[in-house]
Amino acid sequence: MHAPATSRIDRTNRIGRAGPHAYRAGRIALYYACFRYLHGSTAFGSDAFLFAQLNNADLECGARSAWLTVVGIGDDGFAGLGRAARRALLAAHVVFGGARHLDMLPRRIAAHRQTWPSPFSIEPVLARRGTPVCVLASGDPMFFGVGATLARAVPAREIDVIPSPSSVSFAAARLGWALQDVAIVSLVGRPLAALRAAMHDGTRVLVLSAGGDTPAEIAAWLSANGWGGSRMTVFEHLGGERERCVQASANAWGAQRVAALNLVAIECRAGREARRLPVTPGLPDDAYRHDGQLTRHDVRALTLARLAPLPGELLWDVGAGCGSIGIEWMRAHAACRAIAIESHAERQRFIRHNRDALGVPGLQLVEGRAPDALQGLDAPDAIFIGGGLTVPGVLETCWDRLREGGRLVANAVTVQSEAVLAAWREQHGGTLTRIAMAEAQPLGRFDAWRPALPITTLAVRKPEQA
């Protein structure tokens, strides 16, 4: 009689029963056999030498001392969990999760069940360090989930994550969409304006909803912004017995409410009135609401090139005006961050409007005047100074707070501001560039060049200490 096939999970279970030492010995023997088969008996000297080398090698990269297990659970509940997840729940002293997830557990899970505090905090979990703890999360805990939050606070060797299929995986499977070609936006704890950056004609977007009203809010936003022809598919309870989908164009959606647990799929279709924005820096000037205090689009593109945004970096936009530099810095990559510092009340309102209209609601606005308003802000990787160069202490404070290796770019229009930049370059180096541009405009029956005010730009990198 043939022995039954052994699954990967079954092998793991057998390893657990045999003990870690037997598992290590078995692995060494397996590696030894593989080396002999691939390289022959004399490739590494004697058998004893090879076996000793393998025994002394660092084979413990997979060794764990995890006290915390994060279990991804789907809408099918405990019945959909694998053996490893069930074992972790049975062994736990306490299980954390939302009320909906905790209610999915059967009575035989004896651990104390604790809901998340409000406001949300992982401190109760961290306070249990060293005792067996489980955390329940939706689907894949590392995808916009609590698993990622915990992984930032707990060393990797102390945490195990057992994922289930995420809602976006289920949705892509139902729709036949290649997941790598889909834009994914989370509106959980984020404003609806976060959707704007993903909207391009012909693209497909999966949106993690904040609740049952989210699909109607998305439909209203799409219709109001020229995307009403976009097709929406709303999935409820993906992967569970109550799974359901509703389809309609955005302009036909109306105010219908769906289940709180839902995901929205959008096939983007731009109407004539939709504002289709490029992904390159230098957006059209009329994309912004402003009072004239705006870095014009050609100069803006050159300025962003000198600032050179990289994923995860932080920019200070000092004297932000309508916020154009900070906004386009953040549009360069989803992980880019920016702080706009502006003292003028009307321009602060422009910044709030523009950041939402252009899809970067995460732009932080600091209401105040540099250099005083710069105190207490996170140290930046790059700084743009668009106004206030002649204010005492602005350049000096910016330079002091800039990270080593960071970039500082400043634009000047007036003679006085140019003089400040020239003096700064004498002391700290950098590149001074004069940007002079002209545009052909009507002059009677002919056209003539109308020059714009020339811009002087200083670009300098802060030296790194040896």
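Student: In which loop does Pro119 lie?

Tutor: Pro119 is in the loop between strand S3 (112-115) and helix H6 (123-126). Keep in mind that this is a predicted model.

Student: What is the geometry of the peptide bond from Ser118 to Pro119?

Tutor: Start with the general idea. Most residues other than glycine have a negative phi, and most peptide bonds are trans. The bond from Ser118 to Pro119 is cis, with omega near 0°. A cis bond also joins Ala370 and Pro371, where omega is about 10°. Pro371 sits in the loop between strand S13 (364-367) and S14.

Student: Which residues have a positive phi although they are not glycine?

Tutor: His237 is one of them, with a phi of about 50°. Ala308 is another, at about 55°. His237 belongs to the loop between strand S8 (231-236) and strand S9 (244-249), and Ala308 to the loop between H10 and S11.

Student: Is His237 buried or exposed?

Tutor: Buried means under 20% relative accessible area. His237 has 12%, so the residue counts as buried. Ala308, with 33%, is partly exposed.

Student: How much of the protein is buried?

Tutor: Of its 466 residues, 42% count as buried. The accessible surface comes to about 24,600 Å², and carbon and sulfur atoms account for 53% of that. The chain forms 14 helices and 19 strands.

Student: Which residues have the most contacts inside the largest nonpolar core?

Tutor: The general idea is that in soluble globular proteins, nonpolar side chains tend to be buried together. Here the largest nonpolar core has 26 residues, and those with the most contacts inside it are Tyr288, Leu307, Leu315, Trp329, Leu358 and Leu363. The elements giving two or more residues to this core are helix H10 (297-307), helix H11 (324-331), strand S12 (337-342), helix H12 (345-357) and strand S14 (382-385). H11 supplies the largest share, four residues.

Student: What does Leu363 touch?

Tutor: Leaving aside residues up to four places away in sequence, Leu363 touches Gly326, Ile327, Met330, Ala338, Ile339, Ala340, Ile351 and Arg355.

Student: Why is H11 described as largely enclosed by the rest of the structure?

Tutor: Because eight of its eight residues are buried. They include Trp329, but also Glu328 and Arg331. The buried residues of H11 pack against H10, strand S11 (314-318), S12, H12, S14 and strand S15 (407-412).

Student: How many salt bridges are there, counting a Lys or Arg side-chain nitrogen within 4 Å of an Asp or Glu carboxyl oxygen?

Tutor: The count comes to 16 salt bridges. One of them joins the side chains of Arg257 and Asp213, at 2.9 Å from N to O. Arg257 is in the loop between S9 and strand S10 (262-267) and Asp213 in the loop between strand S7 (204-208) and helix H9 (214-224), so the pair ties together parts 44 residues apart in sequence. Arg257, at 55% relative accessibility, counts as exposed, whereas Asp213, at 40%, is partly exposed.

Student: Which residue does Glu313 meet in a salt bridge?

Tutor: Glu313 meets Arg407, at 2.6 Å from N to O. Glu313 lies in the loop between H10 and S11 and Arg407 in strand S15, so this pair ties together parts 94 residues apart in sequence. Glu313 and Arg407 are both buried.

Student: Which residues are linked in a network of salt bridges?

Tutor: Asp285, Arg296, Arg300 and Glu328 form such a network. Glu328 is also one of the buried residues of H11.

Student: Lys462 is buried yet has no salt bridge; how far away is the nearest side chain of opposite charge?

Tutor: That side chain is Asp400, 5.6 Å away. The Lys462 side chain reaches the backbone oxygen of Trp399 at 2.8 Å. The backbone oxygen of Leu402 also lies 2.8 Å from a polar atom of the Lys462 side chain.

Student: Where is Lys462, and which residues does it touch?

Tutor: Lys462 lies in the segment after strand S19 (455-461). Not counting residues up to four places away in sequence, Lys462 touches Trp399, Asp400, Leu402, Arg403, Glu404, Gly405 and Gly406.

How values were computed:
Residues are numbered from 1 along each chain as its sequence is written. This is a predicted model: local features need pLDDT of at least 70, side-chain atom pairs count only at pLDDT 80 or more; totals for chains, interfaces and linings use all residues. Side-chain values use heavy atoms; hydrogens and water are left out. A nonpolar core is a set of buried Ala, Val, Leu, Ile, Met, Phe, Trp, Tyr and Cys residues joined through side-chain atoms within 4.5 Å. Buried means under 20% relative accessible area, exposed over 50%, partly exposed in between (1.4 Å probe, protein chains only). Contact means heavy atoms within 4.5 Å. Accessible areas come from the Shrake-Rupley method with a 1.4 Å probe; for residues, only the protein chains shown count as cover. Lys and Arg count as positive and Asp and Glu as negative; His and the chain ends are not counted. A polar contact is a pair of N or O atoms within 3.5 Å; within protein, one must be able to donate a hydrogen and the other to accept it, and residues adjacent in sequence count only if both atoms are side-chain atoms.
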